[in-house]
There are 2 protein chains.
Amino acid sequence: MKRQIANSFLAVDSVIFGFDGECLRVLLTKRLNEPYLGYWSLPGGLVRVDESTAAAAVRVLEEKTGLKKVYLEQLYTFSDPDRDPRQRIVSVAHYALVRSTDHAIHAGRHTELADWFDLDEKKKLAFDHRKILDLAIERVRGQIRYKPIGFELLPTRFTLTQLQKLYEAILGTALDKRNFRKKILAMNLLEGLEEKEIGVGRKPAQYWRFDKKKYNELTQKGFVFEL
Amino acid sequence: MKRQIANSFLAVDSVIFGFDGECLRVLLTKRLNEPYLGYWSLPGGLVRVDESTAAAAVRVLEEKTGLKKVYLEQLYTFSDPDRDPRQRIVSVAHYALVRSTDHAIHAGRHTELADWFDLDEKKKLAFDHRKILDLAIERVRGQIRYKPIGFELLPTRFTLTQLQKLYEAILGTALDKRNFRKKILAMNLLEGLEEKEIGVGRKPAQYWRFDKKKYNELTQKGFVFEL
DNA sequence: CCAAAAGTGTTGCCGGTACACCCATGG
DNA sequence: CCATGGGTGTACCGGCAACACTTTTGG
């Protein structure tokens with residue numbers, strides 16, 4: 001009954017987060033086969049025999065979205081023997097943070113039907129993917145407070161208002177503009193750029209850039225990011 | 001060359017922490033076979049075909065130490081194709097916190113050579129187990145601050161000094177006695193017991209108990225443990 | 001000149017930290 | 001009566017939260 005080809009045991013599934021300026025979103029793909037035909041699911045694939053799961057996640061992500069060099073981290077390994085009705089498949093779930101939700105989806109459309117979904121649209125997903133997604137959300141909520149991962153979701157050049165909107169979207173709370181700016185600028189991790197917004201019918205905002213090098217230096221000296 | 005029996009792909013390795021009253025320690029087992037014959041290694045074993053990795057970790061832990069019902073959590077999945085020189089084995093690492101280091105080791109001795117080691121004894125371990133151990137230490141250091149996992153390492157009845165010693169051992173810093181007590185007692189999660197120490201040549205200390213039920217209630221209301 | 005978002009300082013409060021002495025017991 | 005660790009209160013300081021108005025641009 002259980003046709004267990006060695007490497008079909010191990011899979012990766014990725015929770016790919018993007019930010020549209022207002023909401024945090026996840027990239028889902030529509031299943032074209034049984035089981036769960038027609039359901040939305042997390043993009044994933046089998047791990048090859050001589051590939052680490054991290055490498056597999058990177059590969060699958062590029063296959064589905066065309067994106068390379070995204071922030072990718074292991075989330076949790078799901079191993080309930082019944083999580084796939086066909087046969088046992090252990091899945092090492094990862095989560096990814098990508099900039100520019102637009103770019104990702106175009107590349108994905110070539111192969112499969114993929115789309116971005118709002119997080120609070122509590123759609124029913126294939127397999128145990130709802131559980132995986134919920135865990136990923138919880139993880140991102142936890143990490144955003146004390147790791148500067150938010151910048152992975154924004155263009156390299158961003159305004160403080162964009163950054164604040166992002167934090168508000170992820171944490172689900174409103175933040176005070178002045179306090180937010182004070183705190184984030186006090187860390188000295190943002191480099192102010194000369195350029196400003198143009199063509200907006202209002203006072204143009206300054207652009208900023210996250211100084212990853214400085215962050216790494218400070219971290220080694222015991223500094224901890226916290227917002 | 002690669003004799004890949006299906007379920008031999010997946011293993012669990014456990015980092016089992018105990019506390020001896022002074023230092024945090026790990027339980028290691030001595031390898032009786034090649035490769036790494038004679039090296040110390042994390043206790044581990046293969047995952048059975050219809051068993052989740054969590055179940056496998058619980059089973060292996062009981063086989064090696066005789067302990068049941070310990071605090072056990074998934075840590076990370078290690079999947080470098082070359083991590084085992086014989087063949088590819090993906091390992092889902094867990095970490096466990098056990099009370100009473102004495103009890104654990106006796107049960108273990110029946111089957112294999114096992115012993116507790118001080119954390120800063122940077123012994124060379126088999127496979128990538130040093131990496132796993134280091135990650136586990138980091139994880140415990142991070143979690144002890146905002147999850148009440150410390151109590152899993154102490155007897156159910158403990159003194160505040162024991163608790164403080166534990167925190168100092170894990171965090172690697174000295175803590176102020178008065179501030180420590182104030183903060184932990186202010187959370188209202190410790191229940192003071194009538195009994196006191198006996199037979200010590202000094203003022204006897206009061207015993208306390210961690211009220212897990214109250215913790216769960218508070219947590220649901222948004223309370224977060226933090227020390 | 002109007003609409004829209006950008007940008008900017010001060011104050012009160014709470015919580016964290018620093019710090020030293022008396023107490024109860026066994027031997 | 002001595003040694004040992006148990007147990008307790010206060011004062012200062014810094015960081016966090018609350019809060020409203022002026023500025024700059026495009027249309």
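This is a predicted model: local features need pLDDT of at least 70, side-chain atom pairs count only at pLDDT 80 or more; totals for chains, interfaces and linings use all residues.
Colleague: On what basis is chain A divided into domain 1 and domain 2?

Modeller: The bounds come from an automatic or database domain assignment. Domain 1 covers 9-144 and domain 2 covers 149-220. Their C-alpha centres lie 27 Å apart.

Colleague: How many residues of each domain take part in the contact?

Modeller: Domain 1 of chain A contributes 15 residues and domain 2 of chain A contributes 14 residues. Each counts because it has heavy atoms within 4.5 Å of the other domain.

Colleague: What makes Glu152(A) and Arg99(A) a salt bridge?

Modeller: The N to O distance between the two side chains is 3.4 Å. The limit is 4 Å between a side-chain nitrogen of Lys or Arg and a carboxyl oxygen of Asp or Glu, so the pair qualifies. The count between the two domains is 1 salt bridge, and 4 residue pairs are in polar contact.

Colleague: Which elements of chain A each supply at least two residues to the side of domain 1 that touches domain 2?

Modeller: They are strand 1 (10-19) and helix 3 (129-146). Helix 3 of chain A gives the most, with 4 residues. By class, that side of domain 1 has 9 nonpolar, 3 polar and 3 charged residues.

Colleague: What area do the two domains bury between them?

Modeller: The domains bury about 1500 Å², with 70% of it on carbon and sulfur atoms. Of the area that domain 1 of chain A buries against domain 2 of chain A, 49% is supplied by Phe19(A), Arg99(A) and Ile144(A), more than by any other three residues.

Notes. Residues are numbered from 1 along each chain as its sequence is written. Chains are lettered from A and ligands numbered from 1 in the order in which they are written. Side-chain values use heavy atoms; hydrogens and water are left out. Buried area is the accessible area (1.4 Å probe) that two parts lose on being put together, summed over both. A polar contact is a pair of N or O atoms within 3.5 Å; within protein, one must be able to donate a hydrogen and the other to accept it, and residues adjacent in sequence count only if both atoms are side-chain atoms. Ala, Val, Leu, Ile, Met, Phe, Trp, Tyr, Cys and Pro count as nonpolar, Asp, Glu, Lys and Arg as charged, and the others, Gly among them, as polar.
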